[in-house]
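Subject: Structure handover

Hi,

Here is the structure I promised to pass on. Have a look at it first, and my notes on what turned up follow below.

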Amino acid sequence: MATTRSAHTVWKGDLFTGSGQTSLDTSGLGTYDVTWDARAEKAEGKTSPEELLAAAHATCYSMQFSNMLKENGTTAESIKTSAAVDFLPGTGITEIRLTVDATVPGISNDDFQRLATGAKDTCPVSGALASVPSITVEATLAS
C-alpha cells in the first residue's frame, strides 16, 4: 500500500524580494522560513528546497544502504550519510554529493563499495532526482 506524505509552502511577493514558509504537514515537525537569498546566497537561519532535498536524499540513501547491507548478511552498526546539493541560479541543481561513513563488521571493502554505489542507484530519492547531471557517492568503511 502506498503512503502519502505532504508539506506545503505559502509564498508572498515576487521571487527576489518575497518570502515564504514551508511546513511539514504529515509529521507536524515544523514550519521553516524560505527566501531567494537563503536559496541562492546565504542561509541566514532560513532553509531552501535544496537543503530539504539534501535531508531527504541522505535519509533515503541511508535507509536503502542499510537494507542492502542486511540482505548481504552484513548488518551495519552505523551509517552516517551527508548530502550536498549544488544549486546554480538560472541553471538549477547541478550536482548532489553523498558522503557516507559506515561501520559494517565482516564486509570486504569491495562488497562495501559495490553496495554503496548500488544504494545510490536504487534509493527512491535518487530515482526522483535522475535528471540531476551528477549524483556521486564517496563511501568510507570504518576499520
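Let's start in helix α3, where Arg114 and Asp111 both sit, 3 residues apart, or about one turn of the helix. Helices here are DSSP runs of H or I with at least four residues, strands are runs of E with at least two, and both are numbered from the N terminus. The side chains of Arg114 and Asp111 meet in a salt bridge, 3.4 Å from N to O. A salt bridge means a side-chain nitrogen of Lys or Arg within 4 Å of a carboxyl oxygen of Asp or Glu. Arg114 counts as partly exposed because its relative accessibility is 48%, and Asp111 is partly exposed too, at 28%. The cut-offs for those words: buried is under 20% relative accessible area, exposed is over 50%, and partly exposed is in between, with a 1.4 Å probe and protein chains only.

Before going on, a word on where this comes from. It is a predicted model, so local features need pLDDT of at least 70 and side-chain atom pairs count only at pLDDT 80 or more, while totals for chains, interfaces and linings use all residues. Residues are numbered from 1 along each chain as its sequence is written, and side-chain values use heavy atoms, with hydrogens and water left out.

Now the overall picture. The protein has 4 helices and 6 strands, and from the N terminus the elements run β-β-β-α-α-β-β-α-α-β. Its C-alpha trace spans about 55 × 35 × 25 Å along the principal axes. Of the 143 residues, 31% are buried.

Back to the charges. Side chains of opposite charge can pair when their charged atoms come close. How many salt bridges does the structure hold? There are 5. One of them joins the side chains of Lys120 and Asp121, at 2.7 Å from N to O. Lys120 counts as buried, since its relative accessibility is 16%, whereas Asp121 is partly exposed at 49%. Elsewhere, salt bridges with shared partners tie Asp86, Glu95 and Arg97 into one network. Within it, the side chains of Arg97 and Glu95 meet at 3.5 Å, N to O. Both are partly exposed: Arg97 has a relative accessible area of 29% and Glu95 has 24%.

Next, the helix packing. The axes of α2 (residues 49-71) and α3 (residues 109-122) come within 9 Å and cross at roughly 135°. So α2 is oblique to α3. Axes are lines fitted to C-alpha atoms, for helices over the stretch in contact, with angles from 0 to 180 degrees between N-to-C directions. Under 35 degrees is roughly parallel, over 145 roughly antiparallel, 65 to 115 roughly perpendicular, and the rest oblique.

In the loop between β5 (92-103) and α3 you'll find Ile107. Is Ile107 buried or exposed? Ile107 is buried, because its relative accessibility is 11%. Ile107 and Leu141 are 34 residues apart in sequence, with their C-alpha atoms 8.9 Å apart in space.

Last, the surface. Trp11, Leu15 and Phe16 form a nonpolar patch there, with about 310 Å² of accessible area together. Patches take residues with over 30% relative accessible area and no salt bridge, joining like charges within 9 Å and nonpolar side chains (Val, Leu, Ile, Met, Phe, Trp, Tyr) within 5 Å. Accessible areas are from the Shrake-Rupley method with a 1.4 Å probe, and for residues only the protein chains shown count as cover. Leu15 lies in the loop between β1 (7-12) and β2 (19-24) and is partly exposed, at 42%.

Cheers
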